[in-house]
Each structure stands twice: as C-alpha cells, then as structure tokens.
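Visitor: Hi there! Could you walk me through this one? I'm new to it.
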Amino acid sequence: MSAGRLRVSVDTDACCSMGRCAATAPQVFDQDDDIGAVVLLQAEPPPELHETVRLCADLCPCTAITVTED
C-alpha cells in the first residue's frame with residue numbers, strides 16, 4: 001500500500017506567530033525572523049512526516065495551515 005500525496009499550504013496573513021508548527025515539525029515549518037509568521041519549507045513533505053503535519057494543522061490556533069491529501 002503506497003502513501004498518498006499530502007500537500008501543505010499556509011496563510012501567513014492568518015498566522016498568529018505562536019510557533020507550534022515550527023517547534024513540532026521543523027523539517028516542514030519555520031518562522032520568519034522579523035515578523036514571526038510561519039514559513040513553509042516543504043509543500044509536499046515525505047510520508048514519514050504526514051502524521052506530524054496533520055497534527056500541526058490541528059494545533060494551529062489560527063487555522064493558518066491547510067493540509068490536502070489525495
């Protein structure tokens with residue numbers, strides 16, 4: 001069974017700079033040094049990070065992270 005493709009997008013305008021995503025999945029998310037908003041490092045992370053990326057979307061208090069899968 002192969003893993004489906006997972007895509008991540010972020011809304012930097014909605015981001016409230018809590019940093020939960022960057023702390024939870026630093027391979028996928030970072031924070032802008034100047035304004036603190038989320039920076040997306042990998043729009044299509046590998047399957048081993050899918051569960052963590054879903055968790056980041058769930059933990060985001062501003063709903064700035066969107067995960068789509070196919």
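Visitor: Which residues does Gly4 touch, leaving aside its neighbours within four places in sequence?

Guide: Gly4 is in contact with His50 and Asp70, where contact means heavy atoms within 4.5 Å. This is a predicted model, in which local features need pLDDT of at least 70, side-chain atom pairs count only at pLDDT 80 or more, and totals for chains, interfaces and linings use all residues. Residues are numbered from 1 along each chain as its sequence is written, and side-chain values use heavy atoms, with hydrogens and water left out.

Visitor: Thanks! Where is Gly4 placed?

Guide: Gly4 sits in the segment before strand 1. Helices (H or I, at least four residues) and strands (E, at least two) are DSSP runs, numbered from the N terminus. Gly4 counts as partly exposed, at 38% relative accessibility. On that scale, buried means under 20% relative accessible area, exposed over 50%, and partly exposed in between, with a 1.4 Å probe and protein chains only. The C-alpha atoms of Gly4 and Pro47 are separated by 7.9 Å, and these two residues are 43 residues apart along the chain.

Visitor: And His50, is that buried or exposed?

Guide: His50 is buried, with a relative accessible area of 6%. His50 belongs to helix 2. Not counting residues up to four places away in sequence, His50 touches Gly4, Leu6 and Pro45. The His50 side chain also reaches the backbone oxygen of Pro45 at 3.1 Å.

Visitor: Which residues are buried in helix 2?

Guide: Helix 2 covers residues 50-59, and His50, Val53, Cys56 and Ala57 are buried there. Seen down the helix axis, these buried residues fall within an arc of 115 degrees, so they line one face of helix 2. That arc is taken from the directions from the helix axis to the C-beta atoms.

Visitor: What do those buried residues pack against?

Guide: They pack against strand 1 (6-10), helix 1 (20-24), strand 2 (29-31) and strand 4 (65-69). The face turned away from the buried side of helix 2 carries the exposed residues Glu51 and Asp58.

Visitor: New topic: how many disulfides are there in the whole structure?

Guide: A search finds 1 disulfide, meaning a pair of cysteine sulfur atoms within 2.5 Å. The disulfide joins Cys16 to Cys62, S to S 1.7 Å. The link is right-handed, with 110 degrees about the S-S bond.

Visitor: Where are Cys16 and Cys62 in the chain?

Guide: Cys16 is in the loop between strand 1 and helix 1, and Cys62 is in the loop between helix 2 and strand 4. The pair links distant parts of the chain, 46 residues apart. Cys16 counts as partly exposed at 37% relative accessibility, while Cys62 counts as buried at 18%.

Visitor: Last one: how many cavities of 30 Å³ or more does the structure hold?

Guide: The structure holds 1 cavity of 30 Å³ or more. On a 1 Å grid over the protein atoms alone, a cavity is a set of points where a 1.4 Å probe fits but cannot get out, and lining residues have an atom within 4 Å of a point. The largest cavity is lined by 15 residues, of which Cys15, Met18, Gly19, Cys21 and Cys60 lie nearest its centre.

Technical notes:
Polar contact = N/O pair within 3.5 Å; in protein donor to acceptor, adjacent residues only side chain to side chain. 1 Å grid on protein atoms, 1.4 Å probe; cavity = no way out; pocket = protein on both sides within 12 Å on 5 of 7 lines; lining within 4 Å. Points joined across faces, edges and corners; volume = space filled by probe spheres on them.
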